[in-house]
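Good morning, and thank you for coming.

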Amino acid sequence: ILSGLVGSEMCIRDSFNIGTTSFPKTLTDIDIGLCFRLSKEDVDALRSRYRDNALGPAILLVFLRASGRHLENLTLIPALLLKYLCAELQLRQTSIASLKSLYKRPTTLTAHRQWVLENLANLAPATPEKLDDLGLALKALASTAVSTEDLVKRGELWLLDNQLLIPHERVLRSIASRAFEAETVAAIEVVRLNVTEALAQKALKAVYSGRKGRTGGTNLEWLKEPPGKHGLHSLREASKKIAFLKELGVHLWDISAIGGARIRAYARAVVHRAPSATKALSEKTQVLEVCGFLRATLLEFTDNAFYTAGRHLNRLIGQGRNRV
């Protein structure tokens, strides 16, 4: 099941994403060479089957191979890709075409899609048994996934690596959501076993409490401020935050079983959300995300403090050596 999860050689570029249903607005020669190339066997099969009408099936083929899904969007097809396909198929050059202009009849489009899928794409529809295998694979990956969207992308890669057609996004997202939710429940259990109820409530009360002084705000907003430059002021500020977190006992929480990637993902969720929005979450989710945020913050500021102190120590040693 897990054999297709590592070492995927599918083309994944910034301008084109696996699982999409439309071409990007622009393509480069490198994109075409990596993602949309036709082999000699493809050209021979398309020309023998469709002769001068091979452009439409060729577009369906290269898109299906690159994305794992049928082309559905009716927008214009990139001119550079049209130029390449026309040259390969020895057809009259055209720079403007869309799926709607190439296929006036939906039945023709359906027939061409079916022929391409069965004869050239080397992809098979995902059966219920294969989708069950996908669910098991995503459960194994959920511990390192940072979101449901991350699991969806990994599921698309798994399907393509196993030469399976990517199903409708709703189906794939449902499988990924179940796997991600199961891992979230497991993470909540890890926090419950390693952070007592009293400590969790103490941490929540502390982070939502207001800070004294002219700056105001809550402790959560204060902790969300990133480390500053590597100066003495930043070192003092980092030391204050480390001391605050150690008073809450964060350094004693052993929640490593959740996984570093998931802990950082929970921390980012808290950072990018207003404190009032975090406070509005259910208590279990709130405890999980806040504990992950506090743990990740402690590690971050500890690293920053060590690095800054090391820089200043080296500077002092250098100055002393020069004066001596």
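This is a predicted model: local features need pLDDT of at least 70, side-chain atom pairs count only at pLDDT 80 or more; totals for chains, interfaces and linings use all residues.

Is Asp42 buried or exposed? Asp42 is buried, as its relative accessible area is 4%. Here, buried means under 20% relative accessible area, exposed means over 50%, and partly exposed is in between, with a 1.4 Å probe and protein chains only.

Residues are numbered from 1 along each chain as its sequence is written, and side-chain values use heavy atoms, with hydrogens and water left out.

Let us turn to the charged pairs. Side chains of opposite charge can pair when their charged atoms come close. A salt bridge is a side-chain nitrogen of Lys or Arg within 4 Å of a carboxyl oxygen of Asp or Glu. The structure holds nine salt bridges. In one of them, Asp42 pairs with Arg65, and the closest N and O atoms are 2.6 Å apart. This pair links distant parts of the chain, for Asp42 is in helix α2 and Arg65 in helix α3, 23 residues apart. Helices are DSSP runs (H or I, at least four residues), numbered from the N terminus.

Which residues are linked with Glu156 in a network of salt bridges? The network consists of Arg69, Lys153 and Glu156. Between Glu156 and Arg69, the closest N and O atoms are 3.6 Å apart. Those two residues are 87 residues apart, with Glu156 in helix α8 and Arg69 in the loop between α3 and α4. Glu156 is buried, with a relative accessible area of 4%, and Arg69 is buried too, at 8%. Between Lys153 and Glu156, the closest N and O atoms are 3.7 Å apart. Both lie in helix α8, three residues apart, which is about one turn of the helix. Lys153 counts as partly exposed, at 34% relative accessibility.

Next, the nonpolar interior. A nonpolar core is a set of buried Ala, Val, Leu, Ile, Met, Phe, Trp, Tyr and Cys residues joined through side-chain atoms within 4.5 Å. The largest such core has 60 residues, of which Leu38, Leu46, Leu81, Leu85 and Leu151 touch the most other members. Helix α3 gives the most to this core, with nine residues. Leaving aside residues up to four places away in sequence, Leu151 touches several others, including Leu138, Ala176 and Phe180; touching, or contact, means heavy atoms within 4.5 Å. Another core, of 37 residues, lies apart from it, and Val190, Trp222, Tyr266 and Ala296 are among its members.

Finally, consider two helices. The axes of α9 (residues 169-194) and α15 (residues 283-323) come within 10 Å and cross at roughly 75 degrees. Such axes are lines fitted to C-alpha atoms, for helices over the stretch in contact, and angles run from 0 to 180 degrees between N-to-C directions. Helix α9 is therefore roughly perpendicular to α15, a term that covers 65 to 115 degrees. Thr184, Ala187, Ile188 and Val191 of α9 make the contact with Lys284, Val287, Leu288 and Cys291 of α15.

Definitions and conventions. Angles under 35 degrees count as roughly parallel, over 145 as roughly antiparallel, 65 to 115 as roughly perpendicular and the rest as oblique.
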